[in-house]
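Please open the model in a viewer and keep the selection tool ready.

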Amino acid sequence: MSYPFAEIEKKWQEHWDKDQTFRTGEDFSKPKYYVLDMFPYPSGAGLHVGHPEGYTATDIVARKRRMQGFNVLHPMGWDAFGLPAERYAMQTGIHPAITTKQNIDNFRRQLKALGFSYDWSREIDTTSPDYYKFTQWIFLQFFNSWYDTERKKARPISELKVPAELQGKEREEFIAKHRLAYIANMPVNWCAELGTVLANEEVDEWVEKGYKVERRPMRQWMLRITAYAERLLTDLAELDWPQGTIELQKNWIGQSTGALVHFGIEGTHDKLTVFTTRPDTLYGVTFMVLAPEHPLVETLTAESRKAEVEAYRKATALKTDLDRQLDAAKKEKTGVMIGAHAIHPLTGEKIPLYIADYVLMGYGTGAIMAVPAHDERDFAFAQQFGIAVKQVVKAETGETELPFAGDGLAVNSPVFDGLKTPEAKTKIIAHLEKEKTGERRTQYKLRDWLFSRQRYWGEPVPISFDDEGSMVAEENLPLLLPESQNFQPSGTGESALANIPEWVNFERKGKKYRRETNTMPQWAGSSWYYLRFADPHNKERFASAEAEKYWLAGGVDLYVGGGEHAVLHLLYARFWHKLLYDLGYVTTKEPFKKLVHQGIILGEDGSKMSKSRGNVINPDTVVAEYGADTFRLYEMFMGPLEQMKPWSSKSIEGIYRFLARVYRLYLGEGQLNQKLLAAPSDEKATQKVLHQTIKKVSEDIETLSLNTAISQMMIFVNEAYRLESIGNEAAQTFIRLLAPFAPHLSEEIWSALGMQGSIAVASWPQHDAKYLVESDFEAVIQINGKIRGRTRLAMGISDADFESAARGVDTVQAALDGKSVKKVIVVKNKMINFVVA
RNA sequence: GCCGAAGUGGUGAAAUGGUAGACACGCCGCACUCAAAAUGCGGUGGGGGCAACCCCAUGUCGGUUCAAGUCCGACCUUCGGUACCA
């Protein structure tokens, strides 16, 4: 049963290494193909069987492209900054750089053992100063840019028009407010035990582990991704991405159109501005709600309500996101009246103001006009607080049950009565615009990106502050992460870097400065790594202009990685790319042309692999038992790449048997099987199955239908066993088809066949349609759509001859007997259907 | 709730609107063997029939069509994402 895979695989891996078989070509006149995997975080647990799934698929494509004569860029690297290494350091005192290096070495060893055709000379590591130099450099591009909403692009901050009356500190603040990287006091998820702020997406994970997370406003670096909301949305149209991922990004960006409406406030000159998608319900407003954090709450709250309002605001601040979600699920609304009134812009009516935590400060203007008749949430609130409900839209058909949030006809809305909802919206907006009490507005759910972390193990933010608090960008990059033995956060909300005064404080040209102690989030390094691969050793630039232009032409040709990155990583990378595009550093609008997500591989029990379930499959064990080629082939044979699928140790045996069968077919008992290579026992049959296989495998690799490509190769091998002799030509052609899938075994057979050079650079076979032409076919005869007979007929038979031949078949004759044929449908060279009464 | 993906043999799965279940796993049988394993060859959706054949079958119910796993409508189930976004 065995074939000597261990020996073969070791031999060829060493050969490829020594020979630099997969070194990327530098000839920019050749057609290029850039095929990229999402680079991994090198965790201490080592490679998971899920990693090689996508990696094998891209490797197959990369290998085929090389054989087709493309200049292929197929690199690998490490997304190596991250919290686990830092936490480990806090527990053990071992520097994260040390564990990270160990983990990388282990990952690299495991990947090499799988025979991937990466150009290891281009390996990158986000924690290397040579790399994060440019992560910091790109951060400074954000810092030194502003977004010109008229030209719809980022421009250098030096081109920002600053009002002449602003001088000194005021001028500086004006500029700071326009930077695409800016500091803001933001409510963040503070975890006292970890001594750090968590990203929204991290909160649940830590709460589950029993950590306490509360919201607390802190000084944070932000990236103004919201400036790009519209472009991030519209440019999705040109991407060859899974529809689901595009939808996810659309929802995340969350565009909605409506209007801003300005309400006056009784007894003041203040304005309360709200955003609404339903300006047509303006006459139905019976109260208004501000987010508890809304700045106007301070000034508007009546003396008599102050205590209650203050208590409510405090209670809200202590609520975690989880609490809020639970409230939302219960549909219970809380809130308090603030004792002030707005003035309705159309009717002049007095409208009571409330604060309630169902209104979020982070969306729209942080305040809403409440229309209980036509909004579920407002309705629930009105019910609880005994507020009037005023219907202003009725359903076009049937009864209108309140709350009614659908489109209909306007009622109780003086001059707008009878208008359909879309028209009512337009008319009311036009009216508001004329009266200067409102305007059309497009709003996005997307928030600015909270970009600072209170961690040691991350890229330092290259900004310093002088005594007056003025910001200075570090010119001398990289700004190195200082050595440290103390990885505990300062506990004050600053990172462990704050514990290193000799790094934090410095003097330059006689002036004293203090460095920023926040570091960047893990997303930073992964937001541009695909660019670095184009020119990974460039010391001057993130990549040379020529290399970027060549390798990124049209974007990365194929990008494969987990669906869990459908939103954040892929949105952040698109955002960074667009900034670089605006500033002229990259030549395409979008970084990733075609994207595919590999499905999750489940444990044998059909549940997610996890240590606690004990259903984890370790790639090292599988490779030791069956070899890398079997591992690769099995993961591709399991099912469609994008699909979630369970591991099966039975099925992998089947794949192993297939490869052993290939080995024996060619190499018999250790030496070349001369019988196989002898003149074909059936020339026609050999050519037919061979060219079918060339066609199917070639096409299936293009669509990443790798499971069916393998099926076809199995069919070929079964046929070769049956034929016994297929001749040298067919034998070596088939091995070239197998090579991208099972590269080690293919190299071994290739060299045994006496072929020169690595099969990795052999030419990809072309199928010849003439061998696929059949002289006859099995005709299917249906009566009323049911099969009633079959017969073999010559290809190209006329419809009339087809019909008479069909009528001649016994079973058909019997079935047609005594029935009148009303219609005959012939599908050429395939089937015939008699429609009978 | 909303958005997305998917429901096909005992199992993983194939199938430009035109022969449902390719290819594998498992199982059964045969050959080789003293025997077993390995290997090779054959069979294998369910039901009926000695047989030729017949009936049923792609989550459910309808529809379009000469013809539906595939297209359309409603529903059920599972998985993933998201959620007081005004």
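**Cavities and cores**

The largest cavity has a volume of about 60 Å³, where a volume is the space filled by probe spheres set on grid points joined across faces, edges and corners. This is a predicted model, in which local features need pLDDT of at least 70 and side-chain atom pairs count only at pLDDT 80 or more, while totals for chains, interfaces and linings use all residues. Residues are numbered from 1 along each chain as its sequence is written, chains are lettered from A and ligands numbered from 1 in the order in which they are written, and side-chain values use heavy atoms, with hydrogens and water left out.

Select Leu83, Glu86, Arg87, Met90, Leu194, Thr196, Gln454, Arg455 and Pro489 to display the lining of this cavity (on a 1 Å grid over the protein atoms alone, points where a 1.4 Å probe fits but cannot get out; lining residues have an atom within 4 Å of a point). Next, colour helix H3 (residues 83–92), which supplies four residues, the largest share of that lining.

Now select Phe139, Trp576, Trp647, Tyr666 and Phe741, which touch the most other members of the 159-residue largest nonpolar core (buried Ala, Val, Leu, Ile, Met, Phe, Trp, Tyr and Cys residues joined through side-chain atoms within 4.5 Å; buried means under 20% relative accessible area, with a 1.4 Å probe and protein chains only). Helix H22 (residues 649–667) gives the most to this core, 11 residues (helices are DSSP runs of H or I, at least four residues, numbered from the N terminus). Because domain 1 (160–240 + 448–515) and domain 3 (648–771) both give residues to this core, it lies between them (the bounds come from an automatic or database domain assignment).

Finally, a second, separate core of 46 residues can be found by selecting members including Met288, Ala342, Val392 and Ala424.

Definitions and conventions: 1 Å grid on protein atoms, 1.4 Å probe; cavity = no way out; pocket = protein on both sides within 12 Å on 5 of 7 lines; lining within 4 Å. Helix = DSSP H or I, 4+ residues; strand = E, 2+ residues; numbered from the N terminus. Buried < 20%, exposed > 50% of the residue type's maximum accessible area, 1.4 Å probe, protein only.
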